[in-house]
Amino acid sequence: MCMGIKKQLVWLTIILLLLAGRVNAEGDTREIITTGTWTVEELNARIVQASKLNDTSARIAFISKQFLGIPYQEKTLVGDMQTPEVFTINLAGVDCFTLLDYVEAMQLSASFDDFKGNLKNIRYQSGIVDYQRRNHFFTDWIEFNGDLVADVTEQVGADKTKKVKKILNNGADNKPLLPGVPSRKREISYIPAEDLREVIIERLKTGDYVGIYTNHPDLDVSHVGIVIRDRNKLLFRHASSKTQHRTVIDEDFMKYMINRPGLVILRARPIKQNLDE
């Protein structure tokens, strides 16, 4: 009788977990996967197609193009100081940062299953799904994903590059912007917008991940997106929150930078280099 009750409790627990979200292969965290207008098979086919492109820039351009027209949506990730973090893929709507998460994870992958594993490593420090270990800031990628991306801001900006020291997430009156997330001391390199002359612009590459530098003392950037070169056009591909857009779009890069403080530039390392390291 006792064993029968135990079995019933085990099955009840499994059912509750399945209702709350799918249990992943490790069995230590739940998953919420929303593929939007795609099926998993369609996504897998696109990832496979991209993996056959040898050039990193070409892969990022191809994958990010698939997201054009996807609605802008805030707060698609599950987790905060009161809510346990849940590994989430939501391709029905993206914000500026989750767009970069998905694109970088896909460009490293050869299948949908690869994508899931790479996304964990990109979104979370050491791939551990936890709110406090989530990469909340653009420059977290430099510190925690240095094997995947390089900070090329100074390489692009040369002597026009400026550096500033900040304490991220250290808000006014010691009230953090993100409660429960440790503050981070950072020296941030950026190129002032007024110095984005032709010689600097020419050094930008398709697939560069760019952050719009902010003068806010406890933030590194206010927005992020991807540089795309399309023939003679330099485009900024991003998830726009503006009322007239609310979707992933391409905009003229230089027009977008008008009246912006500056630029932080990260560049994906070649996959071969990632594997070698």
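Here are some friendly notes on this predicted model, point by point.

1. **Ground rules.** In this predicted model, local features need pLDDT of at least 70 and side-chain atom pairs count only at pLDDT 80 or more, while totals for chains, interfaces and linings use all residues. Residues are numbered from 1 along each chain as its sequence is written, and side-chain values use heavy atoms, with hydrogens and water left out.

2. **The largest pocket.** Asp95, Cys96, Phe97, His136 and Leu178 are the closest to its centre among the 34 residues that line the pocket. On a 1 Å grid over the protein atoms alone, a pocket is an open set of points where a 1.4 Å probe fits, with protein on both sides within 12 Å along at least five of seven lines, and lining residues have an atom within 4 Å of a point.

3. **What the lining is made of.** Helix H4 (96–107), strand S8 (221–230) and strand S9 (233–240) are the elements that give two or more residues to the lining of the largest pocket. Helices (H or I, at least four residues) and strands (E, at least two) are DSSP runs, numbered from the N terminus. By residue class, the lining holds 16 nonpolar, ten polar and eight charged residues. Here Ala, Val, Leu, Ile, Met, Phe, Trp, Tyr, Cys and Pro count as nonpolar, Asp, Glu, Lys and Arg as charged, and the others, Gly among them, as polar.

4. **A stacked ring pair.** The count of aromatic pairs comes to nine. Rings of Phe, Tyr and Trp (its six-membered ring) pair if their centres lie within 6.5 Å; planes under 30 degrees apart count as stacked, over 60 as edge-to-face and the rest as tilted. Phe67 and Tyr102 are stacked because their ring centres are 6.5 Å apart and their planes are at 5°. Phe67 is in the loop between helix H3 (56–66) and strand S3 (87–90) and Tyr102 is in helix H4, so to speak a link across 35 residues of chain. Both Phe67 and Tyr102 are buried, where buried means under 20% relative accessible area, exposed over 50%, and partly exposed in between (1.4 Å probe, protein chains only). Ring pairs also link Trp38, Phe67, Tyr102, Phe112 and Phe115 into a cluster.

5. Phe236 and Tyr256 form a tilted aromatic pair, at 4.7 Å centre to centre with 40° between the planes. Phe236 belongs to strand S9 and Tyr256 to helix H9 (residues 253–256), 20 residues apart. Phe236 counts as buried because its relative accessibility is 0%, and Tyr256 is buried with a relative accessible area of 9%. Arg260 lies over the face of Tyr256, at 4.1 Å from the ring centre. Elsewhere, Lys120 lies over the face of Phe87, at 5.0 Å from the ring centre. A charge sits over a ring if NZ of Lys or CZ of Arg is within 6 Å of the ring centre and within 35 degrees of the ring normal.

6. The structure holds nine salt bridges, each a side-chain nitrogen of Lys or Arg within 4 Å of a carboxyl oxygen of Asp or Glu. Glu31 in strand S2 (residues 30–34) and Lys116 in helix H5 (residues 112–123) are 85 residues apart, and their side chains meet at 3.4 Å, N to O. Glu31 and Lys116 are both buried. Asp208 and Arg267 form another salt bridge (2.7 Å, N to O), and both residues are buried.

7. Arg186 pairs with Asp140 in a salt bridge, with the closest N and O atoms 2.7 Å apart. Arg186 is in strand S6 (residues 184–192) and Asp140 in helix H6 (residues 140–144), so the pair ties together parts 46 residues apart in sequence.

8. **Two backbone angles to look at.** Lys75, in the loop between H3 and S3, has a positive phi near 55° without being a glycine. Arg231, in the loop between S8 and S9, has a positive phi of about 60° and is not a glycine either. Lys75 is exposed, with a relative accessible area of 78%, and Arg231 is exposed, at 82%.
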